[in-house]
Amino acid sequence: MAEDTGRRIAAAFAAVCLAAGAAAVTVAVVAGPGPGPIAYVSEAGITDSGYAGAYRIGIFSVAAALLLLAGALPPRLRAVAGLLGTGAVATVLSGAVTCSEGCPLPPFEATTVADLVHGGASIAATAAVVLAMLALLFSPADRGLRRIAAVGAALALPVAVVVALALLLVGRSALLGVSERVLLVVVAAWGLATSGYLAVRILTGDGPSVPARDGSNVSRR
């Protein structure tokens, strides 16, 4: 069906955008002047970093990937799509508002309004995607999507707890910097796996497998 083909194409473009965005952000973070793992990922986007352009292109590519992935999901998964759409909007805001040097966050550092907006948008974007994993896990999605969501949630939730506690109790540190990177890698990996799972149907033409009356499996288009 044309509608199914459109969703599969959206999933393929989501995978491409996410891979390109993650690569651009990684280059900006690795090649940027930040103080290693103690730095926040967002520090690659400050004006003086020299890699702010690559960082923003990467962030906006990730936002586009989230929107495309939301559109690639079956209509019955509206809650998941809504969370991904929310994550996309927050990601755009995070990329559009630049934090000050060091991207300071409360309660241990003095912050500006831009720091709070950028930090809040970044946290909201990541949280929305993690919640999308959980929503997908308990949704009427096919087994493959739920398995990918289960693995993603199992990896993301403990790291998200570490990030939250480090923000509140420790502040800027190697613990926070490394756990933030690990969480973002998990989120990106889940997005790539999910979009790839959906996009591969462009080539195979297979839909979610559902049991037929005779006990065999048929493809749902």
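Student: Where does Val80 lie?
Tutor: Val80 lies in helix 3. Helices (H or I, at least four residues) and strands (E, at least two) are DSSP runs, numbered from the N terminus. The model is a predicted one: local features need pLDDT of at least 70, side-chain atom pairs count only at pLDDT 80 or more, and totals for chains, interfaces and linings use all residues. Residues are numbered from 1 along each chain as its sequence is written, and side-chain values use heavy atoms, with hydrogens and water left out.

Student: Is Val80 buried or exposed?
Tutor: Val80 counts as buried, because its relative accessibility is 2%. Buried means under 20% relative accessible area, exposed over 50%, and partly exposed in between (1.4 Å probe, protein chains only).

Student: And which residues is Val80 in contact with, leaving aside its neighbours within four places in sequence?
Tutor: Beyond those neighbours within four places in sequence, Val80 is in contact with Leu73, Ala132, Ala135 and Leu136. Contact means heavy atoms within 4.5 Å. The C-alpha atoms of Val80 and Met133 are separated by 7.8 Å, although the two residues are 53 apart along the chain.

Student: Stepping back, how many helices and strands are there in the protein?
Tutor: The protein has seven helices and two strands. Along the sequence they follow the pattern α-α-α-α-α-α-α-β-β. Of the 221 residues, 45% count as buried.

Student: Among contacts between residues at least 6 apart in sequence, what share joins residues at least 24 apart?
Tutor: That share is 67%.

Student: Let us go to helix 1. What is Ala28 in contact with, leaving aside its neighbours within four places in sequence?
Tutor: Apart from those neighbours, Ala28 is in contact with Ala44, Tyr51, Ala54 and Tyr55. Ala28 is placed in helix 1 and counts as buried, at 0% relative accessibility. From Ala28 to Val41, 13 residues along the chain, the C-alpha separation is 8.9 Å.

Student: Where is the place of Val25?
Tutor: Val25 also has its place in helix 1. Val25 counts as buried because its relative accessibility is 12%. Leaving aside neighbours within four places in sequence, Val25 is in contact with Val41, Tyr55, Gly58 and Ile59.

Student: What is the volume of the largest pocket?
Tutor: The largest pocket has a volume of about 1,100 Å³. A pocket is found on a 1 Å grid over the protein atoms alone: it is an open set of points where a 1.4 Å probe fits, with protein on both sides within 12 Å along at least five of seven lines, and lining residues have an atom within 4 Å of a point. Grid points are joined across faces, edges and corners, and the volume is the space filled by probe spheres set on the points.

Student: How many residues line the largest pocket?
Tutor: The lining has 45 residues, of which Val41, Ser122, Thr126, Glu180 and Leu184 lie nearest the centre of the pocket. Helix 6 gives the largest share of the lining, 11 residues.

Student: Is Glu43 buried or exposed?
Tutor: Glu43 is buried, with a relative accessible area of 10%, whereas Arg172 counts as partly exposed at 28% relative accessibility.

Student: What about the backbone: is the peptide bond from Pro106 to Pro107 cis or trans?
Tutor: The bond from Pro106 to Pro107 is cis, with omega near 10°. Pro107 is placed in the loop between helix 3 and helix 4. Cys103 lies in that loop between helix 3 and helix 4, and its phi is near 45°, a positive value in a residue other than glycine. Most residues other than glycine have a negative phi, and most peptide bonds are trans.
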